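Dear colleague,

Please find below the structure that I am handing over to you. My notes on what was found in it follow directly after.

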Amino acid sequence: MASMEKEMRKVLATCSVDLPHFFTQGRIELLRAVFDHMDADGELSLDVNECAPFYHYAFLRLFNQSLDHDQVECIFHLMDFDGDSSLGVAEFVMFVAVLKQIEMRCKQEPAFAAEAFPGTKFDKKSIAERSN
């Protein structure tokens with residue numbers, strides 16, 4: 001657990017270069033509260049079923065992409081850094097960091113967005129519409 005917290009701090013330090021005002025202490029505390037809310041069984045970790053609604057919401061809202069079951073499982077296993085078939089709070093926060101970095105890159109590099117998310121627009125109007 002301590003090593004995962006250390007990994008989270010490293011990821012957040014890297015993100016702070018590109019997203020200096022996003023991962024504030026208050027935002028991290030909010031993400032911990034979201035994690036606690038998602039932890040339906042109270043085991044202090046999330047399984048794929050507990051993560052699925054968040055994955056669906058995040059990908060639809062940020063990238064206008066629906067996910068199927070296989071994609072949800074794939075994302076879950078990619079984010080399960082320690083391979084224990086569950087996500088701890090540090091892995092969850094790191095997932096949000098990855099999402100923000102992908103979102104930012106899509107906004108900055110339309111060619112990347114077109115390749116990563118075919119058919120999704122990342123112009124200012126479509127981003128504003130998804131943000132409301």
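**Overall fold**

From the N terminus on, the elements of the chain run α-α-α-α-α-α-α. The chain thus holds 7 helices and 0 strands, where helices (H or I, at least four residues) and strands (E, at least two) are DSSP runs numbered from the N terminus. Please note that this is a predicted model, in which local features need pLDDT of at least 70 and side-chain atom pairs count only at pLDDT 80 or more, while totals for chains, interfaces and linings use all residues. Residues are numbered from 1 along each chain as its sequence is written, and side-chain values use heavy atoms, with hydrogens and water left out.

Of the 132 residues of the chain, 41% count as buried; buried means under 20% relative accessible area, exposed over 50%, and partly exposed in between (1.4 Å probe, protein chains only). Among contacts (heavy atoms within 4.5 Å) between residues at least 6 apart in sequence, 59% join residues at least 24 apart.

**Helix H2 and its packing**

Helix H2 covers residues 25-38, 14 residues in total, and reaches 20 Å from its first C-alpha to its last. That span is close to the 20 Å expected at 1.5 Å a residue, the expected span being 1.5 Å times one less than the number of residues. The buried residues of H2 are Ile-28, Leu-31, Phe-35 and Met-38. They lie on the same side of H2 because they cover an arc of only 75 degrees around the axis, taken from the directions from the helix axis to the C-beta atoms. The face turned away from this buried side carries the exposed residues Gln-25, Leu-30, Asp-36 and His-37.

The axes of H2 and helix H5 (residues 89-108) come within 10 Å and cross at roughly 115 degrees; axes are lines fitted to C-alpha atoms, for helices over the stretch in contact, and angles run from 0 to 180 degrees between N-to-C directions. Leu-31, Arg-32, Val-34, Phe-35 and Met-38 of H2 make the contact with Val-89, Phe-92, Val-93 and Val-96 of H5.

**Two buried residues**

Met-94 is found in helix H5 and counts as buried, at 3% relative accessibility. Its C-alpha atom is separated by 9.0 Å from that of Arg-9, 85 residues away along the chain.

Ser-86 lies in the loop between helix H4 (69-79) and H5. Ser-86 is also buried, with a relative accessible area of 13%. Leaving aside neighbours within four places in sequence, Ser-86 is in contact with Ser-45, Leu-46, Phe-76, Asp-80 and Glu-91.

With kind regards
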